[in-house]
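The structure is shown first.

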Amino acid sequence: MAEGDNRSTNLLAAETASLEEQLQGWGEVMLMADKVLRWERAWFPPAIMGVVSLAFLTIYYLDPSVLSGVSCFVMFLCLADYLVPILAPRIFGSNKWTTEQQQRFHEICSNLVKTRRRAVGWWKRLFTLKEEKPKMYFMTMIVSLAAVAWVGQQVHNLLLTYLIVTFLLLLPGLNQHGIILKYIGMAKREINKLLKQKEKKNE
């Protein structure tokens, strides 16, 4: 068991080091984005919502086709991949890179690797469920996809995408400030109250 844990830890460290090397040119940008997403200042949440709203209003106004939208998005990614490693050191100053920043960069890369592992783990569990319990797998997939299709039919695609993107960008800050845990705790307390009231009525 200990040997397996050590192997997993070493593999995680190796994957993290590899990702750090790949994203080294994006270090300053990632640290800045990390500060924004974790809401280190009070005006960061409305700034995130403002930027996302402006981007989606622009898309709504231009109303590009799917092919044009995908092409422009990929083109933007290619430009960012080329320009950011060149411009970031000049804007932020690579000589200001401190030990604390390097540690935070390492933590970010480690979290990204862990998130990727979780996604792969869920994907593997899905296929395990398909092999071990095919009926449950197909019923779960059909019901889930039907629910998603119904929601997509009821809500405009662009509005739905806007809500999803906004939520995902606000999620790190919500977690960092304990807002999600707070409301989950409130929901659990309300559910417990309802269950207790139901038990008293049954008695």
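Q: What pLDDT does the chain average?

A: The model is predicted, and pLDDT expresses the predictor's confidence in each residue. A score of at least 70 is reached by 94% of the residues. The average over the chain is a pLDDT of 86.

Q: Are α3 and α7 roughly parallel or roughly antiparallel to each other?

A: Helix α3 spans residues 44-62 and helix α7 residues 157-176, and their axes are 10 Å apart. The two pack at an angle of about 155°. Angles over 145 degrees count as roughly antiparallel. The orientation of α3 and α7 is therefore roughly antiparallel.

Q: How many charged residues does the contact of α3 with α7 have?

A: On the α3 side the contact includes Ile48, Val52 and Phe56, and on the α7 side it includes Leu158, Val165 and Leu169. By class, twelve residues of this contact are nonpolar and three are polar.

Q: Is the crossing of α3 and α7 left-handed or right-handed?

A: This crossing belongs to the pair that packs at about 155°. Its handedness is right-handed.

Q: Is α2 roughly parallel or roughly perpendicular to α5?

A: Helix α2, residues 27-37, and helix α5, residues 99-132, pack at an angle of about 80° with axes 10 Å apart. Angles of 65 to 115 degrees count as roughly perpendicular. The arrangement of α2 and α5 is therefore roughly perpendicular.

Q: Which residues of α2 make the contact with α5?

A: From α5, the contact draws on Gln101, Arg104, Phe105, Ile108 and Leu112. By class, the contact has five nonpolar, two polar and two charged residues. The α2 residues are Gly27, Met30, Leu31 and Asp34.

Q: How many charged residues does the contact of α5 with α6 have?

A: α5 and helix α6, residues 134-154, pack at about 125° with axes 5 Å apart, and the two are therefore oblique to each other. Leu126, Leu129, Lys130, Glu131 and Glu132 in α5 meet Pro134, Met136, Tyr137 and Met141 in α6. By class, six are nonpolar, none polar, and the charged residues number three.

Q: How far apart are the end C-alpha atoms of residues 136-153?

A: The unreviewed UniProt entry annotates residues 136-153 as one of its transmembrane regions. This span is 100% helix and 0% strand. Its end C-alpha atoms are separated by 25 Å.

Methods:
Residues are numbered from 1 along each chain as its sequence is written. This is a predicted model: local features need pLDDT of at least 70, side-chain atom pairs count only at pLDDT 80 or more; totals for chains, interfaces and linings use all residues. Side-chain values use heavy atoms; hydrogens and water are left out. Axes are lines fitted to C-alpha atoms, for helices over the stretch in contact, and angles run from 0 to 180 degrees between N-to-C directions. Helices (H or I, at least four residues) and strands (E, at least two) are DSSP runs, numbered from the N terminus. Angles under 35 degrees count as roughly parallel, over 145 as roughly antiparallel, 65 to 115 as roughly perpendicular and the rest as oblique. A crossing is left-handed if the near helix is turned anticlockwise from the far one by less than a right angle, and right-handed if clockwise. Contact means heavy atoms within 4.5 Å. Ala, Val, Leu, Ile, Met, Phe, Trp, Tyr, Cys and Pro count as nonpolar, Asp, Glu, Lys and Arg as charged, and the others, Gly among them, as polar. UniProt positions are given in the numbering used here, feature names are shortened, and annotations may be inferred rather than shown by experiment. pLDDT is the predictor's confidence in each residue, from 0 to 100.
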